[in-house]
Amino acid sequence: MAQAEAPRCRRVGILGYGQLGRFLAQQLLSRGPPLGLALAFVWARDGARLEELPPPLRLSQLCPLAWAEVDLVVEVAHPCVAQEHGEDILAHADFMLGSPTALADPETERRLRGAVARGGHTLYVPRGALWGCEDIQRMDRGGTLAALKVTMTKSPQSFRPEGWLRERLAAAVAAGTRAVLYEGPLRPLCPLVPNNVNTMAAAAVAAPRLGFDGVQACLVADPGVPDCHIVEVEVTAVGDKGRALRVTSTRRNPAAPGAVTGDATREAFWRSLLACRGHGGCVQLC
Ligand SMILES: NC(=O)c1ccc[n+]([C@@H]2O[C@H](COP(=O)([O-])OP(=O)(O)OC[C@H]3O[C@@H](n4cnc5c(N)ncnc54)[C@H](O)[C@@H]3O)[C@@H](O)[C@H]2O)c1
């Protein structure tokens with residue numbers, strides 16, 4: 001009797017080899033095969049960091065040939081990687097965008113959504129530290145979501161600010177007290193702290209009717225929380241007879257001092273990767 005053919009492993013490429021990239025590569029090597037997942041390559045800006053990996057797994061150059069060999073590419077480097085290569089990747093493979101702040105740039109969002117529609121591959125956006133994202137998505141789809149505010153509080157050393165926010169952070173560090181660095185719509189904040197507000201960007205993807213202009217962002221530097229990242233989500237929905245429903249959640253994620261990524265986020269990213277099973281030509285929170 002002919003033996004049934006074993007199902008083909010989904011091949012995964014990783015872009016970025018910092019905290020998340022290294023963790024996901026290790027998970028794929030140690031736990032991937034029985035789950036039908038295989039690590040195909042890892043790329044890092046500084047290739048020397050990859051020396052601990054077997055040579056066939058080290059990708060030296062970002063190129064279309066690489067995307068054609070995999071089913072899924074995972075970006076855990078910087079939003080500029082998706083801005084430069086996301087469209088090409090989506091022409092060949094599914095793409096998990098670890099830095100969804102990239103989508104705050106309307107041109108990048110337009111190009112990536114266009115590539116999804118043309119290529120039939122899926123753009124996955126990990127929820128990161130966003131608690132209750134399915135509920136938010138459901139309210140948005142039902143047209144009842146009225147407002148969404150995300151407040152992130154971290155130690156000053158955990159921020160990687162750019163532009164004028166750098167000076168504001170420096171002033172907060174000098175003062176040594178809790179300081180609100182930014183409060184307002186999410187879109188202009190994303191390019192100022194592209195590594196730090198990805199959870200807020202996931203909220204904008206979960207609530208497209210509000211989007212990057214409607215979701216409210218608040219960023220707080222607090223030297224009193226050196227070892228955790230706090231994310232507060234405030235949801236306001238329109239209920240019966242116009243009465244408002246309000247839900248507030250607070251998530252405290254332990255983090256190494258100065259890290260951009262909290263401890264629980266590594267496992268959350270692995271769970272997100274496991275959910276990237278091919279949804280066929282859409283943008284999907286995972
Ligand atoms: N979606 C979320 O909720 C969420 C949560 C945590 C981190 N992130 C994002 O995931 C990414 C990785 O996080 P991490 O904790 O592993 O960070 P990390 O700083 O430990 O590692 C980042 C890696 O990307 C590389 N890199 C940095 N800037 C780059 C650039 N301009 N071009 C190419 N490579 C670059 C670094 O060399 C390093 O290999 C970051 O963009 C971070 O903002 C997202």
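A search of the whole structure identified zero disulfides, a disulfide being defined as a pair of cysteine sulfur atoms within 2.5 Å. The structure is a predicted model, in which local features need pLDDT of at least 70 and side-chain atom pairs count only at pLDDT 80 or more, whereas totals for chains, interfaces and linings use all residues. Residues are numbered from 1 along each chain as its sequence is written, and side-chain values use heavy atoms, with hydrogens and water left out.

For Cys286, the closest cysteine sulfur lies in Cys276 at 4.0 Å, too far for a bond. Cys286 is buried, at a relative accessible area of 5% (buried, under 20%; exposed, over 50%; partly exposed, in between; 1.4 Å probe, protein chains only). The sulfur of Cys282 likewise has its closest cysteine sulfur in Cys276, at 11 Å, which is too far for a bond. Cys282 is partly exposed, with 24% relative accessibility.

Helix H1 (residues 19-31) packs against helix H9 (residues 263-274) at about 55°, and their axes are 10 Å apart. Helices are DSSP runs of H or I with at least four residues, numbered from the N terminus; axes are lines fitted to C-alpha atoms over the stretch in contact, and angles run from 0 to 180 degrees between N-to-C directions. H1 and H9 are therefore oblique to each other, as angles under 35 degrees count as roughly parallel, over 145 as roughly antiparallel, 65 to 115 as roughly perpendicular and the rest as oblique. The contact (heavy atoms within 4.5 Å) involves residues including Phe23 and Leu24 of H1 and Phe269 and Trp270 of H9.

Terms used: Helix = DSSP H or I, 4+ residues; strand = E, 2+ residues; numbered from the N terminus.
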